[in-house]
Amino acid sequence: MVNLIFIILFVIFGVNSELIYVNILIFLFNMITIYPLDGGRILKYILCFFVGRFKALRITNILSNLTAIILTIFIFVLSIYFKNIAYVFMNIYILIILIVENKKYRIKKEMYKILENYIAINKD
């Protein structure tokens, strides 16, 4: 969100357009709905409010994976068209954070199952 504030301030004060452009790119990158980027976090918190924590976690994980697949295809096309390896590095970064978050999701999923079983056993 800091980048959004910078964009607004740079536009108001007429700062160099390259700084505005760079901050727009960083802002858009962070707003991608891949958890743990800002867009993924915002999505998860909004979903928590409507469907509960575990369902929000599951939906966010699914959407993160779908977004990463679509983004990988898009980045592949961009890297070929512009012949720029920076896109490939950006994609590698996204895939690494996604792999880490998928591992965390599986652990949390198992913890929720254990907790549900514990509650079910102690309910009787």
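A: Start with one term. A residue is buried when its relative accessible area is under 20%, exposed when it is over 50%, and partly exposed in between. Keep in mind that this is a predicted model.

Q: How many helices and strands does the protein chain have?

A: The protein chain has five helices and zero strands. Along the sequence the pattern reads α-α-α-α-α.

Q: What radius of gyration does the protein chain have, and what would a compact globule of 124 residues have?

A: The protein chain has 19 Å, whereas a compact globule of 124 residues would have a value near 14 Å. Now take the spans of the C-alpha trace. Along its principal axes the trace covers about 65 × 35 × 15 Å. Of the 124 residues in the protein chain, 27% are buried.

Q: Now to charges. What lets side chains pair?

A: Side chains of opposite charge can pair when their charged atoms come close. Here the cut-off is a side-chain nitrogen of Lys or Arg within 4 Å of a carboxyl oxygen of Asp or Glu. By this rule the count is two salt bridges.

Q: Which residue does E101 meet in a salt bridge?

A: E101 pairs with K104, at 3.5 Å from N to O. Both residues sit in helix α5, three residues apart, or about one turn of the helix. E101 is buried, because its relative accessibility is 11%. K104 is partly exposed, because its relative accessible area is 42%.

Q: And which residue forms a salt bridge with K113?

A: That partner is E110, with the closest N and O atoms 3.9 Å apart. K113 and E110 also lie in helix α5, three residues apart, about one turn of the helix. K113 is partly exposed at 40%. E110 is partly exposed at 43%.

Q: Which residues gather in a patch of positive charge on the surface?

A: They are K55, R58, K103, R106 and K109. Residues join such a patch when they have over 30% relative accessible area and no salt bridge, with like charges joined within 9 Å. Two elements, α4 (53–82) and α5 (86–123), each give two or more residues to the positive patch. 

Q: Which element gives the most to the positive patch?

A: Helix α5 does, with three residues. R106 lies in that helix.

Q: Which residues make the nonpolar surface patch?

A: The residues are I62, L63, L66, I69, I73, F76, V77 and I80, and the patch has an area of about 760 Å². V77 has its place in helix α4.

Q: Where is a cis peptide bond?

A: A cis bond joins Y35 and P36, with omega about 20°. P36 is in the loop between α2 (17–30) and α3 (38–51). L37 is in the loop between α2 and α3 as well. L37 is buried, because its relative accessible area is 6%.

Q: Which residue other than glycine has a positive phi?

A: One case is K83, with phi near 50°. K83 lies in the loop between α4 and α5. At 72% relative accessibility K83 counts as exposed, because the cut-off is over 50%.

Q: What about I114 and T33: how many Å apart are they in space?

A: I114 and T33 are 29 Å apart, C-alpha to C-alpha, and 81 residues apart in sequence. I114 has its place in helix α5. At 57% relative accessibility, I114 counts as exposed.

Key
Residues are numbered from 1 along each chain as its sequence is written. This is a predicted model: local features need pLDDT of at least 70, side-chain atom pairs count only at pLDDT 80 or more; totals for chains, interfaces and linings use all residues. Side-chain values use heavy atoms; hydrogens and water are left out. Patches are made of residues with over 30% relative accessible area and no salt bridge: like charges are joined within 9 Å, nonpolar side chains (Val, Leu, Ile, Met, Phe, Trp, Tyr) within 5 Å. Accessible areas come from the Shrake-Rupley method with a 1.4 Å probe; for residues, only the protein chains shown count as cover. Lys and Arg count as positive and Asp and Glu as negative; His and the chain ends are not counted. The place of a charge is taken as NZ of Lys, CZ of Arg, CG of Asp or CD of Glu. Helices (H or I, at least four residues) and strands (E, at least two) are DSSP runs, numbered from the N terminus. Buried means under 20% relative accessible area, exposed over 50%, partly exposed in between (1.4 Å probe, protein chains only). The radius of gyration is taken over C-alpha atoms; the globule rule is 2.2 Å times the number of residues to the power 0.38.
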